[in-house]
Amino acid sequence: MRTTLVLYVLLVLLAVCLPWLGLYPVFLMRLLCFAMFACAYNLLLGFGRMLSFGHAAFFGFSAYVTSWLVTAHGAGPATAVLCGLLVAALLGAVFGGLAIRRRGIYFAMITLALGQLVYFVCLEAPFTGGENGLQGVPRGRLLGFLPLKSDLVLYYVVLAVFVAVFLFIRRVVHSPFGQVLKAIRENEPRATSLGYEINRYKLLAFVLSATLAGLAGSMKSLVFQLASLTDVHWTMSGDVVLMTLLGGLGTVFGPVVGAFLVIAMQNYLAPFGQWVLVIQGAIFVACVLTFRRGVIGELAHRLRIRL
């Protein structure tokens with residue numbers, strides 16, 4: 001426990017110093033936003049064993065809501081992000097209420113269908129800008145005095161939000177609710193026989209995951225000053241599944257590493273053009289064969305520590 005705490009503190013201190021070590025703040029913010037998205041998704045898949053192919057709906061639609069409020073109505077960034085988060089929670093409650101009635105591949109297909117429904121709404125709705133999306137989203141001032149136009153200031157805001165989300169998820173996982181969720185994951189009939197209303201726990205996990213995914217999408221829209229159809233496309237859901245599996249399913253820190261690996265490859269392998277997918281595929285196959293529990297999952301297993 002103490003070793004894990006020291007490691008987290010050192011990582012936070014490193015993250016604080018990274019912009020001063022020559023790394024581009026916008027790239028770092030992209031890493032943090034997708035790490036937040038992956039951590040939110042891991043709460044659903046890693047601890048609830050619910051495979052969703054529609055999580056991009058919460059990520060992307062919140063980005064649209066935040067961008068639209070800031071652009072068309074002059075809302076402050078805090079208000080716009082909060083509204084995006086609330087919309088994601090409502091969507092999560094509706095989608096979760098429909099999806100948790102089924103299990104396995106049927107659950108996955110329902111979430112995929114609902115996610116595609118949101119995609120076509122974003123394509124056709126008048127406030128989303130269609131195929132062009134919402135561009136030139138002003139960052140504004142946080143709480144009236146923090147100028148988010150500065151990449152450095154916005155980086156520390158995004159970092160603070162990410163740390164808060166990470167600690168919140170860690171607390172949820174180790175709470176009585178998290179323990180029941182793990183019990184449902186391991187043996188659902190036994191959890192039912194113990195008197196737990198498993199659908200209620202699943203729905204709450206789904207809504208929490210959707211809400212935090214929406215927060216990640218809202219922050220991403222401010223970072224890049226853009227909300228586009230890419231954010232709500234099913235391939236975005238595939239990316240976050242990959243991040244979670246690559247880092248370590250069911251580990252708290254695994255999705256962060258998985259997001260770092262995927263985003264870093266997308267960024268630094270871009271000069272290879274169409275060969276990027278081939279290179280990524282080879283790397284992923286090597287990781288799956290070498291780290292069957294994911295990178296962090298395998299490391300934690302060998303060192304016998306919780307990450």
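The largest nonpolar core of this predicted model comprises 99 residues, a nonpolar core being a set of buried Ala, Val, Leu, Ile, Met, Phe, Trp, Tyr and Cys residues joined through side-chain atoms within 4.5 Å. The residues with the most contacts inside the core are Phe-34, Phe-37, Phe-58, Phe-95, Tyr-155, Val-158 and Phe-166. Helix α2 (residues 25-48) contributes the largest share of this core, 19 residues. Helices (H or I, at least four residues) and strands (E, at least two) are DSSP runs numbered from the N terminus. In soluble globular proteins, nonpolar side chains tend to be buried together.

Residues are numbered from 1 along each chain as its sequence is written. Local features require pLDDT of at least 70 and side-chain atom pairs count only at pLDDT 80 or more, whereas totals for chains, interfaces and linings use all residues; side-chain values use heavy atoms, with hydrogens and water left out.

Phe-95 is in contact (heavy atoms within 4.5 Å) with Ala-57, Phe-58, Leu-114, Val-118 and Phe-206, when its neighbours within four places in sequence are left aside. Phe-95 also takes part in the packing of α4 against α9. Two packed helices are described by the angle between their axes and the distance between the axes. For α4 (residues 77-99) and α9 (residues 198-224), the angle is about 145° and the axes are 7 Å apart; axes are lines fitted to C-alpha atoms, for helices over the stretch in contact, and angles run from 0 to 180 degrees between N-to-C directions. The crossing of α4 past α9 is right-handed, a crossing being left-handed if the near helix is turned anticlockwise from the far one by less than a right angle, and right-handed if clockwise. On the α4 side, the residues that meet α9 include Gly-84, Ala-88, Gly-92 and Gly-96. Their counterparts in α9 include Phe-206, Ala-210, Gly-214 and Ser-218. The residues of this contact divide into 14 nonpolar, 7 polar and no charged, where Ala, Val, Leu, Ile, Met, Phe, Trp, Tyr, Cys and Pro count as nonpolar, Asp, Glu, Lys and Arg as charged, and the others, Gly among them, as polar.

Thr-79 also lies in α4 and is partly exposed, with a relative accessible area of 46%. The C-alpha atoms of Thr-79 and Leu-143 are 9.1 Å apart, at a sequence separation of 64 residues.

In helix α7 (residues 176-186), the buried residues are Phe-177, Gly-178, Val-180, Leu-181, Lys-182, Ile-184 and Arg-185. These buried residues pack against α2, α6 (151-173), α8 (188-193) and α9.

A search of the whole structure finds 0 disulfides, a disulfide being a pair of cysteine sulfur atoms within 2.5 Å. Cys-83 is partly exposed, with a relative accessible area of 29%. Cys-287, in helix α12 (residues 275-290), is buried at 15% relative accessibility.

Most residues other than glycine have a negative phi. Positive values near 55° occur at Arg-49 and at Gln-225. Arg-49 is located in the loop between α2 and α3 (56-73) and is partly exposed, with a relative accessible area of 48%. Gln-225 is located in the loop between α9 and β4 (226-227) and is also partly exposed, at 32%.

Leu-242, in helix α10 (residues 234-247), counts as partly exposed at 28% relative accessibility. Its C-alpha atom is separated by 27 Å from that of Val-16, 226 residues apart along the chain.

Conventions:
Buried means under 20% relative accessible area, exposed over 50%, partly exposed in between (1.4 Å probe, protein chains only).
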